Amino acid sequence: MRLRTGAEMRVTGPADASAAVVCVNGGQGGEVAGTWSATLEWLVRGLGPRFPRLTFGEVKYRVKSWRRLEWCVDDARAAVETLAAPRTLLLGFSMGGAVAIRAAGEPSVETVLGLAPWIPVLHGTLDRSLPGIPGVSPAASRRGFDRAQALGVVGEYTLVRGALHGVALRVRRGRPVPLPRAAVWARLVGDELARFQAGPEGT
């Protein structure tokens, strides 16, 4: 579906759920058209059936670049508004972690879950910027997480041993293929979604 900003969103799950998971992708320095995230798609395909009471919205930015970060944040906010769930979890991969944090002021947002972002909850120990491969070092993300905690933000920082920057990549015919330790990522994200789905009464 087309969002008010011109970005796109594909939706998995019930249309009238009381809780939604808005998934936002990473980016790059160059200003290029948005794409669907293989990491987020792979996670939603695997976790969606486990959480039939949650609506998942995957956002495809207008432009996926940190030079247009505010556009990406607006795209995320538009997705939250469009799903209009009473409760929302923002799931951000890579640059999407920063997008999720900046969009977290939307009234329905209760939780931000970052996958290898600038402020992570889950991060691969082998994540690095390599030639031709984007990445965010765990040490850099940890410093950002520590700064957030110093401001009173409550959160957890989890390293995924042996994991890279991402959970899946896209191969021929557009199919997302899991990277090493993808099952661990899925388990950890599933644990967070279970807590979110249970709501405050389940914590």
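These legends walk you through a few close-up views of the structure above.

This is a predicted model, in which local features need pLDDT of at least 70, side-chain atom pairs count only at pLDDT 80 or more, and totals for chains, interfaces and linings use all residues. Residues are numbered from 1 along each chain as its sequence is written, and side-chain values use heavy atoms, with hydrogens and water left out.

**View 1. An aromatic pair, Phe145 with Tyr157.**
The structure holds one aromatic pair. Its ring centres, on Phe145 and Tyr157, are 5.7 Å apart and the planes stand at 55 degrees, so the pair is tilted (rings of Phe, Tyr and Trp, the last by its six-membered ring, pair if their centres lie within 6.5 Å; planes under 30 degrees apart are stacked, over 60 edge-to-face, the rest tilted). Phe145 belongs to helix α4 (residues 138–150) and Tyr157 to the loop between α4 and β7 (158–160), so the pair ties together parts that are twelve residues apart in sequence. Helices (H or I, at least four residues) and strands (E, at least two) are DSSP runs, numbered from the N terminus. Phe145 is buried at 6% relative accessibility, and Tyr157 is buried at 17% (buried is under 20% relative accessible area, exposed over 50%, partly exposed in between, with a 1.4 Å probe and protein chains only).

**View 2. Arginines over rings.**
Here the charged end of Arg142 sits over the ring of Tyr157, 4.6 Å from its centre. Elsewhere, Arg87 lies over the face of Phe196, at 4.4 Å from the ring centre. A charge sits over a ring if NZ of Lys or CZ of Arg is within 6 Å of the ring centre and within 35 degrees of the ring normal.

**View 3. Helix α2 packs with helix α3.**
Helices α2 (residues 69–83) and α3 (residues 95–103) meet at an angle of about 65 degrees, their axes 9 Å apart (axes are lines fitted to C-alpha atoms, for helices over the stretch in contact; angles run from 0 to 180 degrees between N-to-C directions). Among the residues making the contact are Leu69 and Val73 of α2 and Met95 and Val99 of α3 (contact means heavy atoms within 4.5 Å).

**View 4. Positive phi at Ala84 and at Ser94.**
Although not a glycine, Ala84 has a positive phi of about 50 degrees. Ala84 lies in the loop between α2 and β4 (87–93) and is exposed at 57% relative accessibility. Ser94, not a glycine either, has a positive phi of about 60 degrees. Its place is the loop between β4 and α3, and Ser94 is buried at 10% relative accessibility.
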